[in-house]
Amino acid sequence: MDTQLRELFPFLRDRNPQVRQIALENLLPQTVKGAPHRDIFFSGLSSGGLQKPKESDIIRDLKVLCRDQLSVAHDAFRALVNLSDSPLMIVPLSEQAFLSFVSSYIINPHSILADLAAMLLSNLTAASTACSILLTLKVSVIPDSRLSNNTYPIESRCGSCPAPVPYPSAEQQEVMALPLLIDAFVEGAQIVESGDLAQRTRKAELHFLANVFANMTVSPIGRNYFLSPQPTTVSKPNQPLEYPLAKLVAFTQHKDTIRRGGVASSIKNCAFHAPGHKAILSPESSLVAVPPSKETAPGIDALPNLLLPLAGPEEFDLEDQEKLLEPLQFLPSTKTREPDATIRLTHVETLLLLSHTRWGRDYQRQHGVYEIVRAAHENETVDKISEHIERLVQLIQGEEPKIAVADDEFDEIDAVPQAQMGSTQTSEPAKPADDSDDEDMRIEEI
């Protein structure tokens, strides 16, 4: 059977699109994990050693077919999504030219298969290779007011995403891909539910980009990007600055679990960067810098978005109600908590991380975190989450240590009384690095 399937490989390059489609349809079922003949796609690939793994003909053909007409490109993207769970595929699929195409395709609002492309990018960024490339990747664009994002990525042109007619006449620019992906992610959440793609300004919802951002914020350099002020529009550097993370935090209440979970992990990973705690918690009305940078931008105001998933329909005394941030006051009787236990745990872990600076503890005390998590604890059914809430309460309600405050309290995470620290470990990034017996105090990246 292996031999018969390999005989289909040359037909992927046939001039007749129907022949390419039939060949790919027969190969696609073998790309899923556990398929009996999946190894035919890994022939010639190897991991480790000093030599760079070579790209096989079949993988190169699948990458090319992603640019084909709609039906062929759909199956090609699906095949690569299935295969990209293997470490052997990381290097050939993380080649810069291919990532540039995938990113440009996602950025283009008219890309019909952008959700599949986002799934592929999510799998690839699980490895550091693709993350490193994406952090510095630039794409060629032309301003075009006919598109909902006013940007036409030149490399997105393919069979399932033709170029605008007439072709835009403005001057070509080289811009960073990551801020355009963030903007596409935000726009994807605003899609009006419609079965007719023609009625949508953006054809894809791009929920899987949340996992891309979560993967990127695992590394210190990725966290630094999301906690560094950037122009609101990448092509207009003179516009007001904002933190990229600020564009994501509102989606902790989105209806899609993948989007909520990826955003929750992104915020949690950024909370490992102690100098960014003030920017993460401060309201938009405050201009905040993340040391050692002196450049300021409006606060990210993440606290309401961390607490709303943990809040229920409980009524509070007027005195407690006044401590709460405005979005958490007088919630309706229909308010429900985050149904996914993993996401609830992630939010509590984020609050714990934000409690490891004195400023973060004080801010949470003053804005009703105890009142919300106390009610959440009473209704929690998962023991691990309850334990983390108890530890959070110890940190924000306990007595502060009698120590001198450094001139810059955000250079390092300050000391926390060992009695309050307890034995429960602090949270880890979405992709933990080295395990440690002393993770309680290992908050900042090393």
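How are helices H17 and H19 oriented relative to each other? They are roughly perpendicular, with an angle of about 100° between them. The model discussed here is predicted. The structure holds 18 salt bridges, whereas a search of the whole of it finds zero disulfides. The points below treat the helix packing, the salt bridges, the cysteines and several individual residues in turn.

**Packing of H17 and H19**

- Two packed helices are described by the angle between their axes and the distance between those axes.
- Helix H17 spans residues 358-366 and helix H19 spans residues 383-397; their axes lie 9 Å apart.
- An angle between 65 and 115 degrees counts as roughly perpendicular, and the angle of about 100° for this pair therefore places H17 and H19 in that class.
- On the H17 side, the contact is made by Arg361, Gln364 and Arg365.
- On the H19 side, Leu392, Leu395, Ile396 and Gln397 make the contact.
- By residue class, the contact of H17 with H19 comprises three nonpolar, two polar and two charged residues.

**Salt bridges between individual pairs**

- Lys247 and Asp183 form a salt bridge through their side chains, with an N to O distance of 2.6 Å.
- Lys247 belongs to the loop between strand E5 (241-242) and H12, while Asp183 belongs to helix H9 (residues 177-188), so this pair ties together parts that are 64 residues apart in sequence.
- Of these two partners, Lys247 counts as buried at 19% relative accessibility, and Asp183 is partly exposed at 25%.
- A salt bridge also joins the side chains of Arg337 and Glu314, at 2.9 Å from N to O.
- Arg337 is placed in the loop between H15 and helix H16 (341-354), and Glu314 in the loop between helix H14 (303-307) and H15, so the bridge ties together parts that are 23 residues apart in sequence.
- Glu314 is partly exposed, its relative accessible area being 25%.
- The side chains of Asp144 and Arg146 meet in a further salt bridge of 2.9 Å, N to O.
- Asp144 is buried, with 5% relative accessible area, whereas Arg146 is partly exposed at 42%.

**The network around Asp320**

- A network of salt bridges links Asp320, Lys323, Glu371 and Arg374.
- Asp320 is located in helix H15 (residues 318-323).
- The relative accessible area of Asp320 is 12%; the limit for a buried residue is under 20%, so Asp320 is classed as buried.
- Once neighbours within four places in sequence are set aside, Asp320 is in contact with Glu371 and Arg374, both of which are members of the network.

- Cys66 takes part in no disulfide, and the nearest cysteine sulfur, that of Cys158, is 9.0 Å away.
- Cys158 is likewise in no disulfide; for this residue the nearest cysteine sulfur is that of Cys161, at 5.4 Å.
- Cys66 is buried at 0% relative accessibility, and Cys158 is buried with a relative accessible area of 11%.

- Ser266 is situated in helix H12 (residues 257-271) and is buried, its relative accessible area being 1%.
- Beyond residues up to four places away in sequence, Ser266 touches Ala210, Phe213, Ala214, Thr217, Leu245 and Leu248.
- Ile372 is part of helix H18 (residues 369-379) and counts as buried at 3% relative accessibility.
- Apart from neighbours within four places in sequence, the contacts of Ile372 are Leu307, Leu310, Ala311, Phe316, Leu324 and Leu328.
- One of these contacts, Leu324, is 48 residues from Ile372 in sequence, with the two C-alpha atoms 8.4 Å apart in space.

**Glu25 and Asp75**

- Glu25 lies within helix H2 (residues 17-27) and is partly exposed, with a relative accessible area of 44%.
- Glu25 and Asp75 are separated by 50 residues in sequence and by 7.1 Å in space, C-alpha to C-alpha.

Notes:
Residues are numbered from 1 along each chain as its sequence is written. This is a predicted model: local features need pLDDT of at least 70, side-chain atom pairs count only at pLDDT 80 or more; totals for chains, interfaces and linings use all residues. Side-chain values use heavy atoms; hydrogens and water are left out. A disulfide is a pair of cysteine sulfur atoms within 2.5 Å. Buried means under 20% relative accessible area, exposed over 50%, partly exposed in between (1.4 Å probe, protein chains only). Helices (H or I, at least four residues) and strands (E, at least two) are DSSP runs, numbered from the N terminus. Contact means heavy atoms within 4.5 Å. A salt bridge is a side-chain nitrogen of Lys or Arg within 4 Å of a carboxyl oxygen of Asp or Glu. Axes are lines fitted to C-alpha atoms, for helices over the stretch in contact, and angles run from 0 to 180 degrees between N-to-C directions. Angles under 35 degrees count as roughly parallel, over 145 as roughly antiparallel, 65 to 115 as roughly perpendicular and the rest as oblique. Ala, Val, Leu, Ile, Met, Phe, Trp, Tyr, Cys and Pro count as nonpolar, Asp, Glu, Lys and Arg as charged, and the others, Gly among them, as polar.
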